[in-house]
Amino acid sequence: MTPPPDPLSSVHGPSMGARHLDRLVRRVLPRSLLGRMLLIGFIPLLVTQGISLELFYGNYLKIVSRRLSAGVVNNIAMTIDVMERYPAPSDRAWILRDVHERAQLHMSWREGDSLQRVGSNHVLGPVDDDLVRDLRVALGRPAFVDWKSDRRIVSVFIQMPDGVLRVDTPRKRLDVAPVWLFVAWATGSALVLFCIAAFFMRNQVRAIRRLARAAELFGLGRDIDPIHPEGAQEIRKAAVAFNRMRDRIFRFVEQRTSVLAGVSHDLRTPLTRLRLTLAMMPRQGQVRAEDLQPDIEDMVADIGEMEHMIEGYLSFARGEGAEVPSMVDVGELLTEVAVAARRAGAGDISVHVARPLGIVVRLAAFRRVLSNIVENARRHANRIWLSARKKRNATVIYVDDDGCGIDESRRESVFRPFESGRDGGTGLGLAIARDIIHAHGGEIRLESSPSGGLRVRIIIPD
């Protein structure tokens, strides 16, 4: 009895075969990007050359070969018909001589001979089959075609009733060109194009390798120089993006390091005051609460100051990176910031957005940027103007005031952590703002305002 088929083999067989095929393909395919790119380019090139060769060889060459063989066979058939019409030896000699002069066919008569074989000793190409077929159709007699005895002449042997007629014709009347010339041309052109493609692909892959090497070294914590963008446009963009990422990470590490250094420095003063106050409190006897009230108020003020500084440090360290970006209407956002500033005590603040503008940002983080900037302007100016407009592939937001402004020499230093222009400030407002703007791929600049004060320009790309 035949055992029943194993259901597991029928279920897992195709998947195992597919995995085997996948492993086989992976073994055959090159592992490098350059090898795969060359393979992707070389295979279609070979297929295209093969199709071109087949179209030319299969159509043009066959048509020409058919016409040439038909012309030679027609001359032979006409000569045989005339010889049968005029069988006299003198007429036959004249006919053979005239055909040799006019049709380049050298004919000789072998009386009493007979053919030992028919067909042809084949050569490469369709011309031999075409000639044998045309002889069989046009003459209806046994015939043999010799292609190999003489490279310049093709000999045709035709069986006649009383002998064998030999016809020698120049090979150039039947053969257009050797087929190997077309094959050599197709192969040579494919190799030349392949070498050119390999040269250009190698340059592109070199740029990718440099980018990969730089990313590997940067991941290992080594300080590397910026990558010079080269290669195709997409590779150049990747290199530029890598350089921006590198600068941002370096800036991130530098800012966080300075924040950690500033924590111990800024918190040391209130902690020292708390320690001195506690050390000076009486340890024995009775103490009235009224006598301790000033010290308690000072300690509460120191604790509040430390809470304010720690909140600023934590906000700067978070960077608002966990929020999901969304489409935000610029006009509505500026209006909300202006309303909040009026509640905080801002005097004259106006908003001007000519047409609806939308940007993709992290709403809470971006609102915090604008609030910090408007708060700085409120402390130093009487009037504030908020505006936005579209410029090329970006949206530009302006915050202008009529205050005293900032000297041009200090416009870069105020973005550093702990650079504060007033007592009691942490100096992190503009540092946090620039960090958030850079996280959105934008820029923030300080300029002179047409209103006489300071202009903050925020550029958010589309």
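The model is a predicted one.

**Entry: strand pairs around E9**

I started with Val 353, whose bridge partner in E9 is Ala 388. That bridge sits between strand E7 (residues 348–353) and E9, which run parallel and are joined by six bridges. On to E10: E9 and E10 run antiparallel, with eight bridges joining them. I picked out Lys 390 here, and its bridge partner in E10 is Thr 395. How many residues lie between E9 and E10 in their hairpin? I find two, and Arg 392 in the turn has a positive phi of about 55°.

**Entry: the five-stranded sheet**

Next I looked up an open sheet of five strands, and I noted its order as E1-E5-E4-E3-E2, with mixed pairing. Strand E1 (106–111) and strand E2 (119–120) stand at the edges with a single partner strand each, so one side of each has no neighbour in the sheet. Inside that order I checked strand E3 (residues 143–150) against strand E4 (residues 153–160): the pair is antiparallel, over five bridges. Asp 150 stands opposite Ile 153 in E4.

**Entry: the cores**

Which residues have the most contacts inside the largest nonpolar core? I get Phe 366 and Ile 458, in a core of 37 residues. Then I listed the elements giving two or more residues to this core, among them helix H8 (330–343), helix H9 (363–380), helix H10 (429–439) and strand E12 (454–461). E9 and E10 from the first entry are also on that list. H9 gives the largest share, seven residues.

Thr 395 had come up already, as the bridge partner of Lys 390.

Apart from this core lies another, of 27 residues, including Ile 80, Leu 139, Trp 147 and Leu 174. As a general note, nonpolar side chains tend to be buried together in soluble globular proteins.

I searched the whole structure for cavities of 30 Å³ or more and found one. The space in the largest cavity is about 40 Å³. What lines it? I wrote down Ala 207, Arg 210, Leu 211, Ile 227, His 228, Pro 229, Glu 230, Ile 235 and Ala 239. By class, six of the lining residues are nonpolar, one is polar and two are charged. Helix H5 (179–219) and helix H6 (233–280) each supply at least two residues of that lining, and H5 gives the most, with three.

**Entry: His 100**

Is His 100 buried, exposed or partly exposed? Its relative accessibility is 41%, so I logged His 100 as partly exposed, the class between the cut-offs of 20% and 50%. Leaving aside neighbours within four places in sequence, I see His 100 in contact with Leu 105 and His 106. I also took a C-alpha distance: His 100 and Thr 169 are 69 residues apart along the chain, with their C-alpha atoms separated by 9.2 Å.

Conventions. Residues numbered from 1 in each chain as written. Predicted model: local features only at pLDDT ≥ 70, side-chain atom pairs only at ≥ 80, totals over all residues. Heavy atoms only, no water. Core = buried A, V, L, I, M, F, W, Y, C linked by side-chain atoms within 4.5 Å. Buried < 20%, exposed > 50% of the residue type's maximum accessible area, 1.4 Å probe, protein only. Helix = DSSP H or I, 4+ residues; strand = E, 2+ residues; numbered from the N terminus. 1 Å grid on protein atoms, 1.4 Å probe; cavity = no way out; pocket = protein on both sides within 12 Å on 5 of 7 lines; lining within 4 Å. Points joined across faces, edges and corners; volume = space filled by probe spheres on them. Nonpolar A, V, L, I, M, F, W, Y, C, P; charged D, E, K, R; others polar. Pairing = 2+ DSSP bridges. Contact = heavy atoms within 4.5 Å.
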